[in-house]
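Here's a quick walk through one surface spot and one chain-to-chain contact. Have the structure open while you read.

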Amino acid sequence: MKEGYELIYKRPKTLLDKRMHYCPGCFHSTMHKLLMEVVEELDIQDRTVGICPVGCSVFAYDYMDVDMQEAAHGRAAAVATGIKRMLPDRIVFSYQGDGDLAAIGTAETLHACNRGENFTFIFINNGIYGMTGGQMAPTTLENQKTSTSPYGRNSATAGMPMKMAEIVATFEKVYYVERVSCNTPANTRKARKAIKKSFEYQMQSRGTSFIEVASNCPSGWKCTPIESLDWIKDQVLPYYPLGVLKDLGKEEVK
Amino acid sequence: MGEIRLMKGNEALGEAAIRAGLQGYFGYPITPQSEVIEYLAKEEPKYDYVLIQAESEVAAVNMMYGAGGAGGRIMTTTSSPGFSLMQEGVSYLVCTEIPCLFANIVRGGPGLGTIQASQGDYFQATKGGGHGDYNMIVLAPNSVQEMADHTFLGFELADKYRSPVLLLSDGSIGQMMEKVELPDPKPYKPNKPWATVGKPKNRERNILTSLYILSDDMEKKNIHLQAKFEKMEKNEVRFEEYRTEDAEIIITAFGLTSRISKKAVDVGRESGIKLGLFRPITLWPFPKKRIEELASKKEVKFFISVEMNAGQMKEDVMLNVYGKKPVYFFGRFGGIIPTPEEILSAIKSHL
């Protein structure tokens, strides 16, 4: 470090020094970093186990320097349940996309929430199937164009975009639900705080934490990374508002 | 001598699992095997295993994946349609090399089928079942005693090869009550340095994945798995013979039909027909060599495979008899159990 300079930004040691395969501007890389920053800050690398989904983040284990299991498509919540029940003192998180968590894996998601499994869901909702090339997801916005809804999502046949955070917040044993984003530096900081809070709750055996990330997909949305931020602000957040949907910890404090 | 009890096959399976050091059971109720989860639920307060009644067989097998990956001695039990639902998970477990025990208490199919006993899942059990090139050791108990013994053995083989093992039983053995001498409890000391338990500072992270996106890597993984399957074929073949020394006709049968066929051998011998029974205990690896030897014996005139299906194991018998002798078949479907008399009259029709 040169004299007179101060290091204010660095890669957490828990994030491996590798070039990521994610598209430019994708929030996955930001979310990976936030997650691993929290693991480093809480000093829990030796007792953290993560689960990757099938989707763009299928290779998350290439970047996060913690023990990880790669789940079958949609089954991360069941896998997380198995790990956490065997090792109740470990910090367990599932990292899943919208096709994974809200389409093929809906049953596993809801039942893990209903049982109040004591792990953290990191739910990356970008409203599209990124890995398979931009098909419609359960969370695709009404009239949004994708490769399987080329004229826009028709809610008459495809239903309305699923609000997973709102749905899981209705389960009694779900302790903490927040929707965050990384579309602005301020929101990114809030996302990091949410992850940290969920891990702390997990250490206190409070039950399920569910963090939904209003995420982006410049490649699938066929726009630039900057345009994807506008789309989030103008289209996504009005339908998927940010904020805490449920925090029993806060209510207990009251 | 171990403790002797009168038990249902399904209960003996559950009790033996506990005595083998069960750490996690994940299952979904389905007839005719729900007694296993019921038994384990009843016994749960006395032990410290994890028991989850999952929302589906799909969830159950993936809980196995998580819990097994975390290093636990784990098991699930199900019956035919449930095992079909688990097949994707089995394929993942084989590829990630997570040891665990499955029991399929087979009922009649296809489709929703019947809740009566059947052997209709032989192909599914021995030829893969899920996607990709794989095998798993398949044990076929034919008594309540063996439901217990094979549970013990199954856990050990699973750990030995870091691979799932399957008990292929049927609704009759699961439901019937017999005397069983229970194996003594054995403390379980796992040695699983590959498990995802949290990465200490002094080792690389453990990753359990079945994703090998580069073809070279995927081929390498397959070669590794095939070498393991070869070892199983070399070391784990198990079978039983009854009065085959001078037999002219060899009945081949596994599981329940092997017991009925034993009776047919005795009755047939009384009327002067020189019958013998060859019973594979491991359906995979299949006792290929011994069948080949029997087929080469001069006095052996033909084989007849007796099964509660359409002749699924007959194909494996034929492959190893290799045209040296005729291989006939007698079977009943849909939950019907053949009688010794039926078997004998089928044999007589070929004399």
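Y5(A) is exposed, with a relative accessible area of 56%; exposed means over 50%, buried under 20% and partly exposed in between (1.4 Å probe, protein chains only). You'll find Y5(A) in the segment before α1 (27-42) of chain A. Together with M1(A) and L7(A), Y5(A) makes a nonpolar patch on the surface, about 410 Å² of accessible area in total.

This is a predicted model, where local features need pLDDT of at least 70, side-chain atom pairs count only at pLDDT 80 or more, and totals for chains, interfaces and linings use all residues. Residues are numbered from 1 along each chain as its sequence is written, chains are lettered from A and ligands numbered from 1 in the order written, and side-chain values use heavy atoms, leaving out hydrogens and water.

| Item, chain B with chain A | Value |
|---|---|
| Residues in contact (heavy atoms within 4.5 Å) | 34 of chain B, 36 of chain A |
| Buried area (accessible area lost on being put together, 1.4 Å probe, summed over both) | about 2700 Å² |
| Salt bridges (Lys or Arg side-chain nitrogen within 4 Å of an Asp or Glu carboxyl oxygen) | two |

Carbon and sulfur atoms give 59% of that buried area. E55(B), K199(B) and R205(B) supply 23% of the area that chain B buries against chain A, more than any other three residues.

E55(B) also forms a salt bridge with R115(A), with the closest N and O atoms 2.9 Å apart. On the side of chain B that touches chain A, α3(B) provides the largest share, eight residues.

Notes
Patch = residues over 30% accessible without salt bridge, like charges linked within 9 Å, V, L, I, M, F, W, Y side chains within 5 Å. Areas by Shrake-Rupley, 256 points an atom, 1.4 Å probe, with all protein chains shown as cover. Helix = DSSP H or I, 4+ residues; strand = E, 2+ residues; numbered from the N terminus. Buried area = accessible area lost by both parts, 1.4 Å probe.
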